[in-house]
Each structure stands twice: as C-alpha cells, then as structure tokens.
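Q: Could you walk me through this one slowly? I have not looked at it before.

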Amino acid sequence: MLSFMNHSSPLKIILNVAAMILLLLFIGVSVSYGTTNIHFATVWQAIFHFNPNLTSHQVIQELRLPRAFSAALVGAFLAVSGAIMQGMTRNPLASPSIMGVTDGAAFALVMMLAFFPHLPGAGLTVSSFIGAGLAVALIFTIGAFSKGGLTPVKLALAGVAIGTMLRSITSVTAFHFNLEKELGFWIAGGLDGSSWAHVKLLLISGIIGFLVAVFISKSITVLSLGEDMAIGLGQNNLMIKALGVFSILILTGAAVSVAGAVGFVGLIVPHITRFIMGTDYRWIIPSSAIFGALLLVVADIVSRLINAPFETPVGAITSLIGVPFFLYLARGSGGGK
Amino acid sequence: MQTAEVKKKKKFIAILALLFLLIIMMFFFSVSTGVIKIAPGDVIRTLLQNGTAKQELILFEFRLPGIVLALLIGAGLAVSGVILQAITQNELADPGILGINTGAGLAVVLFIYFFQGDFVSASQWSIFMMPFAALLGAIGAAFLIYVLAWKNGVNPIRLVLVGIGVNAGFGAFLTIFQLKMDPQDFRQASVWLTGDIWNANWTFVGALLPWILILIPIALSKAYGLNVLHLGDDLAKGLGTSVERERQMLLLIAVALAGASVAAGGGIAFLGLVVPHIARKLLGPLHQYIIPLSTLIGALLLMVSDTIGKNLLAPTQIPVGIVVSILSAPYFIYLLIKAK
C-alpha cells in the first residue's frame with residue numbers, strides 16, 4: 001500500500017486534529033442549516049445556555065443536535081467496520097455495504113417489525129446485530145465452499161447476490177405488512193428522525209465495538225501482512241478474527257438500525273486513511289472513525305440541500321461519492337491480474 | 001458423428017415441444033387464477049368471444065396484457081443474457097449485473113420526468129417512445145462500462161466489477177429522481193430497482209412486440225458467430241471472424257433487447273444470467289439451440305414468477321423482479337461457488 005508520507009507521527013497527529021476540528025465545524029453547519037436557518041450564535045446559546053421557551057433552542061436540542069451526532073457516529077462506525085474487514089481479509093473491496101451486511105441488518109429489522117411489532121428498541125437493535133451476522137455468515141460460507149476462496153470479484157458478486165436476496169425477502173415482507181415507508185427508509189438510508197435515544201444507543205454499542213477494534217488493531221496490522229506471517233509471529237488468528245467479526249457486527253448493526261443501509265462509507269474511508277496514515281491499524285482505525293464521521297456529516301448536509309425542502313436519502317449521496325472510488329479500485333488492485 | 005448430431009436435433013425438438021406445452025399449461029393456470037377465478041373452460045370460451053362481459057373485461061383488459069408482457073420480457077432478457085455471456089466469455093454476465101438494466105431504467109425515469117411529470121398520464125405516444133429512451137440509456141450504460149473497464153483491452157473480471165459499480169451509481173441517481181417525482185412512493189422506485197411489470201396494457205405489448213420479434217431472430221441468425229466468439233478472441237480471429245465488428249453488432253442486439261424489456265418490466269435482475277445456464281445444461285454450448293431454448297425458458301420463468309408474485313400473498317402483489325431474485329439468487333450463488 002502506498003502511503004503519502006512516511007510515518008512521521010507529529011504530522012499524523014496534526015492531520016487527525018485538523019480533521020476533528022473540521023468535523024466539529026461541519027456539525028455546527030449541520031445544526032444551523034435547515035428549513036429555517038439558525039445563526040451560529042443561537043446554536044452556541046442553545047447548547048450552553050438552553051432556554052426551553054425558545055423554539056429555535058427546542059429545534060436545536062431535540063432535532064438537529066441528535067441528527068448531527070447520529071450522522072457522525074454512524075459514519076464513524078461504518079468506516080471502522082470497513083477498516084477491520086479490509087485488514088482482516090486483505091481484500092480492497094471488503095466493506096459493510098459491498099458484502100451485504102447492511103442488507104442483512106435491514107432484513108432482520110423489517111422481519112422483527114413485521115412479526116413482533118411491539119418489540120422494544122433494544123430488541124430491534126439486537127436483531128439488527130443478528131441480521132448483520134447472518135449476512136457475514138452467508139458470505140463466509142460461500143467463501144469456504146468456493147474454489148480459490150473469496151477473490152475481490154467473488155466477494156463483490158457474493159455480496160450482490162446475498163444483498164439482493166435478503167433485500168428481496170425484506171421487500172416482500174414489507175409489502176405484505178404495510179411497512180413500505182420503513183422499508184424505503186432502510187434501503188435508501190436516512191438520518192431524519194434521529195433522536196437522543198438513537199444517540200444513546202449508538203454510544204453504548206459504539207464504545208463496546210470501538211474498544212474491541214482498538215484492542216485488536218495491532219493484531220489486525222499483523223494479519224493484514226498475511227496469515228502465515230501472523231501465525232509465525234505467534235498470533236492467535238482465530239481469536240482475533242472472532243473479535244473482529246464481533247466488533248463489525250456491533251458497529252454495523254447499530255449504524256443500520258439508526259440510519260438504514262448507507263453504502264460506500266466503509267469502503268472509501270479506510271482507503272483514504274491508509275493512504276494518509278500508512279499501514280498501521282493503530283492509526284488507521286481511530287482516524288477512520290474521524291474521517292468516516294466527517295464524510296457522513298457532510299453527506300447528510302448535502303442530502304438536505306440537493307432537493308430542498310425534501311430530503312434525499314443520504315445513502316444515495318454516499319453512493320454517488322463512493323461509485324467513482326469503487327471504479328478506481330476496480331480498475332486497479334481489485335480488478336487487476 | 002452424424003447420429004450424435006441427429007440425436008441432438010431430436011432432443012432439441014423434444015425439449016422445445018415440452019417447453020411449449022409447459023408454457024401453454026402455465027398460461028391457462030395463470031389466466032384463471034387471481035382474486036376472481038375463471039375456470040379454464042371459461043377461459044377458452046372467453047378467448048373464443050363467448051364469455052360474459054365481466055369475464056371478457058378481466059381477461060382482455062387485466063390478465064392477458066400482463067401475461068403476454070411477462071412472456072415477451074422474459075424472452076428478451078434471457079436472449080440478451082445469452083449474447084452477453086457469449087461475447088464477454090463470462091458466464092456471470094447479465095444485463096442486470098452489468099448495470100445495463102439500471103441505465104435503461106434511469107433513461108425511462110428521466111424521459112417520464114421531463115416529458116410528463118408522472119407515471120399515471122403515460123400517453124400512447126410516450127409508451128411507444130419509451131423503448132427508444134430505454135435503448136438510449138442502455139447503450140449509454142454499455143458504452144460507459146466498456147470505456148471504464150478498458151485498460152489495454154477489456155478483461156472479463158474488470159468488466160463485472162465495473163458493472164457492479166456503475167449499477168450502484170445509476171441506482172443512486174434513480175433513487176434521487178424517483179423521490180423528486182414522488183417523495184413518498186417507494187413502491188414506484190422498486191419498479192426500476194428490482195423490476196415490476198408496471199403498466200400492463202395492450203399499448204405496451206404493441207410497443208415491445210416488434211423489438212422481440214425482430215431482434216431474437218436476428219440473434220438466432222448470428223448463432224454461428226456467437227459460437228465462435230464464445231471460444232475466445234484468438235480462436236475467433238483464426239477462424240476468420242472479424243471479432244470486434246461482430247462483437248459490437250451482437251452487443252447492440254443484446255443491449256436493445258435488454259433496453260426494450262426494461263422499459264416495460266423495470267430492472268429485473270438475474271433472469272438473463274440464470275436462463276442461459278439452464279439452456280446450456282440441457283443441450284450444450286451451441287447457440288442455434290441455446291437461443292430458442294432460452295427464449296422459451298425465459299418466457300416461462302417470468303410468467304411463473306409473475307403468477308407467484310400476484311397470488312402467493314394475495315392481496316399483496318409482489319413485484320415480479322423480487323420473485324425472480326428470490327428464485328434465482330441461490331442458483332447464482334451456486335454458479336459463483338463453482339466458478340474459478
């Protein structure tokens with residue numbers, strides 16, 4: 001992997017801090033921009049001197065802040081999931097949406113809504129973890145049975161097949177139980193309707209998933225150099241992979257249960273951070289979180305701008321950004337040989 | 001050698017006859033089932049102009065156009081898949097996976113968006129123009145994929161990956177435009193993303209029929225060229241085929257068939273991928289056999305899927321593309337596992 005600077009730590013720290021500042025700035029923009037634009041100064045006051053009698057303060061506290069935070073967290077989770085997947089499989093196309101993991105989570109969510117409509121929020125979240133796990137299990141089963149393992153093209157095709165099948169069954173169920181609106185939301189992805197409850201849920205699952213990811217980041221670096229190398233260094237690959245998959249399921253499941261199937265964030269961001277930060281996953285994973293958050297907060301702002309006053313699904317926006325990148329990868333390492 | 005050839009011909013005719021029989025049986029089953037049942041005897045009576053007014057209305061205005069469209073679309077997509085697989089020498093090629101269907105769908109949505117504003121008021125004129133719009137979209141998509149996959153020639157793996165990417169991009173545009181037209185109606189979006197026979201009437205049948213009737217025989221007449229191209233470029237050149245020209249001509253036919261089918265049936269995936277495999281399994285790799293077989297198998301498969309979609313969870317109507325996906329995705333996965 002090419003890296004555009006060679007591992008000078010101060011520069012990396014500066015870049016990460018810069019991205020963090022940019023992220024805060026765009027969260028500010030996200031909060032102040034909307035059907036009624038609210039001035040930055042008011043945003044500041046609403047956060048630090050909240051006055052429940054002012055509508056603008058209410059809007060900021062109840063609608064816009066949770067939305068901006070959800071966008072940041074979902075983006076971070078998807079990016080970290082993608083980074084772990086790419087590191088573990090050494091496959092440049094691995095990512096939650098390409099592998100159909102987001103479709104799996106949406107599948108489980110719609111099934112639960114259809115058959116157990118009174119399930120509490122926590123039950124829905126757990127079911128989306130299980131759905132994500134189902135998709136991962138299916139993909140790995142295909143990989144285990146196929147000749148020559150999961151090459152990038154096979155992974156992409158298997159993802160298309162599993163994703164299409166799960167989405168089709170999801171659609172049938174949704175049409176039958178009149179859940180079309182929910183279906184549209186989960187298939188296209190969107191952040192409207194994010195509440196503090198969602199942020200709380202994201203934070204709880206995020207802390208667990210992210211800590212696991214950071215904990216195994218050093219081992220993922222070793223794993224990304226090759227499985228034999230990792231064994232030679234005395235690493236318990238099975239354990240690391242199990243922890244990695246656990247982290248992916250928690251992070252992707254939580255992201256999908258809040259924002260639906262937002263594609264391509266988990267594909268693009270790890271490549272960009274690898275380009276900037278080098279091959280060490282102790283750097284890649286935290287900065288993927290920051291850059292992923294930044295990407296989705298910006299995409300969410302664009303999704304509100306592009307067809308105002310209507311919202312465009314944020315998943316469509318990330319796809320438009322992600323497709324050229326995917327094509328670049330397909331022409332390069334992914335489709336090479 | 002001679003006897004093997006004769007045997008194969010006999011088997012071919014037998015399978016062809018069997019498929020015809022199945023289509024006719026399925027046709028009667030499909031026509032007679034629904035919310036209002038019509039007994040097969042009554043169906044024949046109504047077809048011979050002797051039914052009640054109500055039966056005539058249900059049959060001629062509602063059921064028949066949908067079934068005929070399913071037959072035509074199935075045939076078109078299947079033959080398009082046959083051609084694409086042969087000329088790319090890639091057994092996993094399909095107008096759906098390569099993004100040609102989504103390109104055609106996007107063109108139709110744009111056409112409706114700019115010329116009428118919604119789906120309900122589609123006039124006769126615009127219905128006949130729709131296949132042309134779809135054709136332009138399909139050609140655009142094919143061209144884009146070809147150019148993007150070009151890097152000292154087109155390698156089949158890169159072609160498929162680029163196709164997946166282009167497909168996702170068109171899908172995103174479709175979602176955006178669809179929601180611009182009708183922010184609430186996700187069901188309409190699913191027509192173009194997964195496929196549905198969305199406007200079953202005789203005008204659409206009339207708009208699609210010439211394309212299928214003209215293009216499939218042309219494809220059949222080029223069966224020899226397909227056989228040669230399927231063997232690989234080097235061999236084809238050695239046998240004196242002008243590879244690039246023949247390939248471009250055939251690509252145009254495949255794209256036109258897919259485009260016309262998409263105009264009426266949306267982005268039905270996997271059908272064009274699976275049917276050629278079934279045909280090859282039945283009678284080997286010669287295209288003079290595969291094309292007629294695929295025509296019939298594709299038509300049959302889509303009619304069956306359509307009937308399942310309409311009746312399985314009635315009154316809920318499942319879009320036919322979804323039924324096709326659920327039926328054929330497992331087969332696709334099986335092919336994927338087997339492929340090198």
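Q: Where does α3(A) have its kink?
A: A kink of about 35° lies at Arg64(A), shortly before the proline Pro66(A), where the bend at a residue is the angle between axes fitted to the seven residues ending there and the seven starting there. Helices (H or I, at least four residues) and strands (E, at least two) are DSSP runs, numbered from the N terminus.

Q: Before we go on, what kind of model is this, and how are residues numbered?
A: This is a predicted model, in which local features need pLDDT of at least 70 and side-chain atom pairs count only at pLDDT 80 or more, while totals for chains, interfaces and linings use all residues. Residues are numbered from 1 along each chain as its sequence is written, with chains lettered from A and ligands numbered from 1 in the order in which they are written.

Q: Back to α3(A), then: what distance does the helix reach from its first C-alpha to its last?
A: Helix α3 of chain A, residues 55-89, has 35 residues and reaches 50 Å, close to the 51 Å expected at 1.5 Å a residue; the expected span is 1.5 Å times one less than the number of residues.

Q: Is α3(A) mostly covered or uncovered?
A: Mostly covered, since 27 of the 35 residues of α3(A) are buried. A residue is buried if 20 or more other C-beta atoms lie within 10 Å of its own, exposed if 12 or fewer, and partly exposed in between, with C-beta atoms placed from the backbone.

Q: And what comes just after α3(A)?
A: Arg90(A) is found there, and this residue takes a positive phi of about 50°.

Q: Which other residues have a positive phi without being glycine?
A: Phe264(A) is one of them, with phi near 75°, and its place is in the loop between α11 (237-259) and α12 (265-277) of chain A. Phe264(A) counts as buried because it has 28 C-beta neighbours inside 10 Å. Another is Gln89(B), with phi near 50°, in the loop between α3 and α4 of chain B; with 14 C-beta neighbours inside 10 Å, Gln89(B) counts as partly exposed.

Q: What else lies in that loop of chain B?
A: Gly96(B) lies in the loop between α3 (53-88) and α4 (100-115) of chain B, and it is buried, with 30 other C-beta atoms within 10 Å. Gly96(B) and Leu273(B) are 177 residues apart in sequence, yet 8.2 Å apart in space, C-alpha to C-alpha.

Q: What is Gly96(B) in contact with, beyond its neighbours within four places in sequence?
A: Its partners are Asn101(B), Gly267(B), Ile268(B), Ala269(B), Phe270(B) and Gly272(B), where two residues are in contact if their C-beta atoms, placed from the backbone, lie within 7 Å.

Q: Changing topic, how many helices and strands are there in each chain?
A: Chain A comes to 14 helices and 0 strands, and there are 14 helices and 0 strands in chain B.

Q: How many residues are in the largest nonpolar core?
A: That core has 221 residues, and those with the most contacts inside it are Ala72(A), Val74(A), Val80(A), Val297(A) and Ala134(B). A nonpolar core is a set of buried Ala, Val, Leu, Ile, Met, Phe, Trp, Tyr and Cys residues joined through C-beta atoms within 7 Å.

Q: Then how many residues of chain B are in contact with chain A?
A: There are 37 residues of chain B in contact with 39 residues of chain A. On chain B, α6 (156-181), α7 (186-194) and α14 (320-338) each supply at least two residues of the side that touches chain A, and the largest share, 15 residues, comes from α6(B).

Q: How do the residues of that side divide?
A: The side of chain B that touches chain A divides into 24 nonpolar, 8 polar and 5 charged residues; here Ala, Val, Leu, Ile, Met, Phe, Trp, Tyr, Cys and Pro count as nonpolar, Asp, Glu, Lys and Arg as charged, and the others, Gly among them, as polar.
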